[in-house]
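Visitor: I am new to this structure and would like to understand the terms used for it. Please show it to me, and let us then discuss it.

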Amino acid sequence: MAADTPAPSSPCRNPNYNPDQNPNSPNPKDSSLDSLSLEPHLSPSQARPNEEDMLDETSQPSSLVTAPTAVLPSPLSPSSPIVAATSPAPVAVPTAPASVDTAKVGIPTLLHLSFNQDYGCFTAGTDRGFRIYNCDPFREIFRRDFDDGGIGVVEMLFRCNILALVGGGRQPYYQPNKVMIWDDHQSRCIGELSFRSEVRAVRLRRDRIVVVLDHKIFVYNFADLKLVHQIETVPNPKGLCAVSQQQGSLVLVCPGGQKGQVRVEHYGSKKTKFIVAHDSRIACFALSQDGRLIATASTKGTLVRIFSTMDGTLLQEVRRGADRAEIYSLAFSVNMQWLVVSSDKGTIHVFNLKVNLGLTANDKPRPAPEPNVPAVSSSLSFIKGVLPKYFHSEWSVAQFRLPEGSQYIVAFGHQKNTIVILGMDGSFYRCEYDPVSGGEMKQLECYNFLRPDQNI
């Protein structure tokens, strides 16, 4: 297996993309987002928190809530109605952002990219607002362009109209230490969480809001914005945090209190598990949607390890390459048979997972590989114990090569054996891998979603 080497991508066109498709409509007719109606529920006096609730992370395990508290049913589904306070916020919150003529001011600068919980959509925060895109078929669903500031974090709640926004860029639209709960159906904020330091990341579930700061993580009920848990971590400037999305089972993973350690919170069983995953600092990790598997990578970027979150058992170890690299993104397939990895080397790797989730701590961690799936390490098994560990790690089954120099995040597409790749340069790729033969992936689509007039 050769080391990571970049290769230029081939140009292609996107037949589905239409940049004029209702970009600024609050409720596009052809939008694939579920539009949820909001009903009056709280009076202004009921909506405002009392003095005991208006605390911050430096004094009590709570947060400052300065806008009407949003009240949502729990658990929330994308098709269920949302009930929220309708009284105006006691802080200056823009409720109708002014539209910007992007043709006059040029292409926006990307500040943030993330997939939604089922990888069917992705969000883009820019220096003048945010945009929502559908992955397959690709199209821009809608955008909100602000005339006086940027959005550094934008997180969707599946496909509904509730988002979490954090200001960012040189001129933040909101303060970077605040999480604004935005209802795009009303085009206004319905809730606010304030902190003493900048917000690094936000994670959403139907029943929880998770806010990540440099040294702390706060978990809130979505129903009433009440703080339910507070976690201290090692310095976490990347905002590393992942939560499971399976209803009835909440698992949260974050950096632990020591270098190379991850912390797993099982809220259902009220248990905390610490896993010493690497000798070096944790650079990236991913959690399966049901919360049973975690994949971790360190700052060395050569190995990726897959653990059971229940008992911390190391189930598998795969090798990205021989030289150091910065791992940008990890993602499990829905069936947990595959893992995709992106790094600063410009190569996307897909690994075959051979883990048995029914194992106990005393069992063998790996079953025999499937007969129709290539296993690169099998040819070296006869001299196992003689060669160094470098040769024992499993290499990727399929690869896709991209230009170096941009940061890419990855996920598995909704179509079988497909990968979706997003670049901070505005690039979108969708490619297909062969689960049997492996090798180079087939490129299906590629274009720049910020510049629809130009092909990649």
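Visitor: What makes R206 lie over the face of F158?
Guide: A charge sits over a ring if NZ of Lys or CZ of Arg is within 6 Å of the ring centre and within 35 degrees of the ring normal. R206 is 3.8 Å from the ring centre of F158 and lies over its face. This is a predicted model, in which local features need pLDDT of at least 70, side-chain atom pairs count only at pLDDT 80 or more, and totals for chains, interfaces and linings use all residues. Residues are numbered from 1 along each chain as its sequence is written, and side-chain values use heavy atoms, with hydrogens and water left out.

Visitor: How many aromatic pairs are there, and why is the pair of F122 and F428 called stacked?
Guide: Rings of Phe, Tyr and Trp (its six-membered ring) pair if their centres lie within 6.5 Å, and planes under 30 degrees apart count as stacked, over 60 as edge-to-face and the rest as tilted. The count comes to 21 aromatic pairs. The centres of F122 and F428 are 6.0 Å apart with the planes at 25°, so this pair is stacked.

Visitor: Which aromatic cluster includes F122 and F428?
Guide: One cluster is formed by F122, Y133, F138, F428, Y447 and F449.

Visitor: Why is C254 called buried?
Guide: Buried means under 20% relative accessible area, exposed over 50%, partly exposed in between (1.4 Å probe, protein chains only). C254 has 0%, so the residue is buried.

Visitor: How many disulfides are there?
Guide: A disulfide is a pair of cysteine sulfur atoms within 2.5 Å, and the count comes to zero. For C254, the nearest cysteine sulfur, that of C241, is 6.0 Å away.
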